[in-house]
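Biologist: Could you take me closely through the part where the two chains meet? I am new to this structure, and I would like to follow one connected account.

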2 protein chains.
Amino acid sequence: MEELKRRILKDAKVDEGDIIRVDMFLNHCIDPVLMRDIGATLAQRFRTERITKVLTVESSGIAVACFTALALGVPAVYAKKFQTGYIDPDVYSAEVHSFSLEKAYTMRVARRYLDRDDRVLLVDDILASGQATLGLIEIVSKAGAEVAGVGVPIEKAMKDGGHVLRRMGIRVESLVTVERVENGTILLTDGL
Amino acid sequence: MEELKRRILKDAKVDEGDIIRVDMFLNHCIDPVLMRDIGATLAQRFRTERITKVLTVESSGIAVACFTALALGVPAVYAKKFQTGYIDPDVYSAEVHSFSLEKAYTMRVARRYLDRDDRVLLVDDILASGQATLGLIEIVSKAGAEVAGVGVPIEKAMKDGGHVLRRMGIRVESLVTVERVENGTILLTDGL
């Protein structure tokens, strides 16, 4: 996706520890036109997969999920990871270790929003270690539903989430792959 | 907005303490077509206000903000209320009391995403006590920017958030107003 590549190379910032910041267009501040196009492109890649739900986890996956679900014509569901507001007591849950939080948390999806007839597309803003996605897979599995694939705008190839998921036989579609960070410069897999 | 009224009367659930649950189409599970139409309708109401940013707070305001911002052709920004992932240390912040959390939390917006030239539309999924919106107003004010208005799909008239904001001279647009809950039945201001 050329526009996303262009924005990463133009705007993304590299912080200490080779952390790539895309909060100026993808999370925190969102470019809704770019996000709509990301959703449409992910939907296009999975258009033959008979997706019935798009599932993500709050908060940064919600925008991707909404626009992907809109383009696919199915509902978006987001797993809750914070104890706020009303939470249905009847949930599927998974314990997830977060490297950014440096602790474990519980993600929850109300049982009523997943059932065994669902073919679920999992989305998020960035695929790195894949822990959040593995948590979503556990939840889909507990519901007896099927994971149809994983779609993300950005995959970090220097983390092993993508490899782990593909070795599990899961189709993973990333619109842009960051190969590595070298001296503060972001290198994409197929450049621009 | 007739479709939203219809969905509330058809699908919303009333729980103990007259809590109205709209998690089956507005938060947790999102109907993206309805959400797109909500965003387009809010954008239409503020189309002459020269909005430059749409601001909300994670998580349940994000979908409303994205679709409203898309229709207005401006960026969406969401205040962070959870300590996850990267947070810019250079932020505007506000302390907010949450009635649903029964505690206070800090919301933060990176300074780079608000400046004194901004005319900001504040959105959320539901306007009740208005505490989150008052926190966003404090943040906009700290940035020297201007609040152009508040837009929500659902306002609860039995809570005083809408009254407080209007008394402050702020334009508040709600697509549907819930007047009260009576014996487990949701009554809308102008019915259907």
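Modeller: In this predicted model, 39 residues of chain B are in contact with 40 residues of chain A. Of the interface residues of chain B, 100% are also interface residues in chain A, so the copies meet through the same surface. That arrangement goes with the way the chains superpose, for chain B can be laid on chain A by a turn of 180° and a shift of 0.0 Å along the axis, with an RMSD of 0.0 Å. The two copies are thus related as by a two-fold rotation axis, and in chain B the C-alpha nearest that axis belongs to B:Ser59, 2.7 Å from it.

The elements that give two or more residues to chain B's side are strand S3 (29–30), helix H2 (32–45), helix H3 (62–72), strand S5 (76–79) and strand S7 (103–110) of chain B, and H3(B) gives the most, with six residues. Sorted by class, the side of chain B that touches chain A has 22 nonpolar, eight polar and nine charged residues.

Within S3(B), B:Ile30 is the bridge partner of A:Ala76.

Technical notes: Residues numbered from 1 in each chain as written. Chains lettered and ligands numbered in written order. Predicted model: local features only at pLDDT ≥ 70, side-chain atom pairs only at ≥ 80, totals over all residues. Heavy atoms only, no water. Least-squares fit on C-alpha atoms with pLDDT ≥ 70 in both. Contact = heavy atoms within 4.5 Å. Helix = DSSP H or I, 4+ residues; strand = E, 2+ residues; numbered from the N terminus. Nonpolar A, V, L, I, M, F, W, Y, C, P; charged D, E, K, R; others polar. Pairing = 2+ DSSP bridges.
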